[in-house]
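Trainee: Can you walk me through this one? I'd like to start with how the terms are set.

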Amino acid sequence: MLVSAKEMLTKAKAGKYAVGQFNINNLEWTKAVLLTAQENNSPVILGVSEGAGKYMAGYKTIVGMVNGMLEELKITVPVALHLDHGSYEGCLKCIEAGFSSIMFDGSHYPIEENIAKTKELVKITAEKGMSLEAEVGSIGGEEDGVVGAGEVADPNECKMIADLGVTMLAAGIGNIHGKYPANWKGLDFDVLAEIQKLTGEMPLVLHGGTGIPEDMIKTAISLGVSKINVNTECQLSFAAATRKYVEAGKDLEGKGFDPRKLLAPGFEAIKATVKEKMELFGSVNKA
Ligand code: 13P
């Protein structure tokens, strides 16, 4: 059964580790992430952007697929199905479809409007026992059409949103979706420390997990980050393994064109990336 992300993140914050959110794109992705979580006895959050939701034939299709896999693959670790960077309307759709967690990304609104909309969703999600992530200060780069300027969040605004009763809070601290440019200045730990000081127990979320050096990940966790989002890195691993298979001419040998064979190296590559991240984040054996 899908669960809210609240309990897993409260435990992560107290235990000083982070739970990974891995964005899914199709059946292979979903199965790879779920099996890796089970094999490593780790809680996990499946992230679905609005673009990926559309691609996978809608939120109801995804809920059906994930619930089916939890049962058929005998997944017993805690799993949350979470809307990533949702619009207000997208959030309502996912609540209705049976997601267990949503993110409302109101970071592009003036803070008053972000507060007003977040407040309404706090009420609805609380009634349903779902978790809610809010965002202050947009994350840089582009993800499925959501473009952010890469602002550094105002810690006082973070406190205002945290006080509304959200489950977890994403704050821009110089992080970017996708690959980091060579001249990237790194995460702003002074701001993160200030946000953590003002928001106390609130689990903080680090977006743009792809390409952040290990030492920065560890420092971020020590400063209150309890959820880390990874998307691009699984896509890169999948693409590289698939390329290798095709370039080696394997699809031309025997039944190598069979999708179950053609997609197998990419599937294994996603599993390896997810395992590596779970080890780095410290969530192994924390289910
Ligand atoms: P990356 O694609 O950079 O890993 O970011 C993922 C993310 O933050 C999803 O919201």
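Mentor: Terms, then. Two strands pair if DSSP finds at least two bridges between them. Helices (H or I, at least four residues) and strands (E, at least two) are DSSP runs, numbered from the N terminus. Residues are numbered from 1 along each chain as its sequence is written. This is a predicted model: local features need pLDDT of at least 70, side-chain atom pairs count only at pLDDT 80 or more, and totals for chains, interfaces and linings use all residues.

Trainee: Which residue stands opposite Phe22 in β2?

Mentor: Leu46. Strand β1 (residues 19–23) and strand β2 (residues 44–49) run parallel, joined by three bridges.

Trainee: In what order do the eight strands close into a barrel?

Mentor: β1-β2-β3-β4-β5-β8-β9-β10, with parallel pairing. On average, neighbouring strands of this sheet are turned by 25 degrees against each other, direction ignored. Axes there are lines fitted to C-alpha atoms, for helices over the stretch in contact, and angles run from 0 to 180 degrees between N-to-C directions.

Trainee: And how many helices and strands does the protein have?

Mentor: Twelve helices and ten strands.

Trainee: Switching to α8. Which of its residues are buried?

Mentor: In helix α8 (residues 189–199), they are Val191, Leu192, Glu194, Ile195, Gln196 and Thr199. Buried means 20 or more other C-beta atoms within 10 Å of the residue's own; exposed is 12 or fewer, partly exposed is in between, and C-beta atoms are placed from the backbone.

Trainee: What covers them?

Mentor: The cover includes α7 (155–162), β8 (168–171), β9 (204–206) and α9 (214–222). After α8 comes Gly200, with a positive phi near 55 degrees.

Trainee: What about Gly148: buried or exposed?

Mentor: Gly148 is buried, because 23 other C-beta atoms lie within 10 Å. Gly148 sits in strand β7 (residues 146–148). Leaving aside neighbours within four places in sequence, Gly148 contacts Ser138, Ile139, Gly140 and Gly141. Contact means C-beta atoms, placed from the backbone, within 7 Å.

Trainee: Last one: how much of the protein is buried?

Mentor: Of its 287 residues, 48% count as buried. The C-alpha trace spans about 60 × 45 × 35 Å along its principal axes.

Notes
Contact = placed C-beta atoms within 7 Å.
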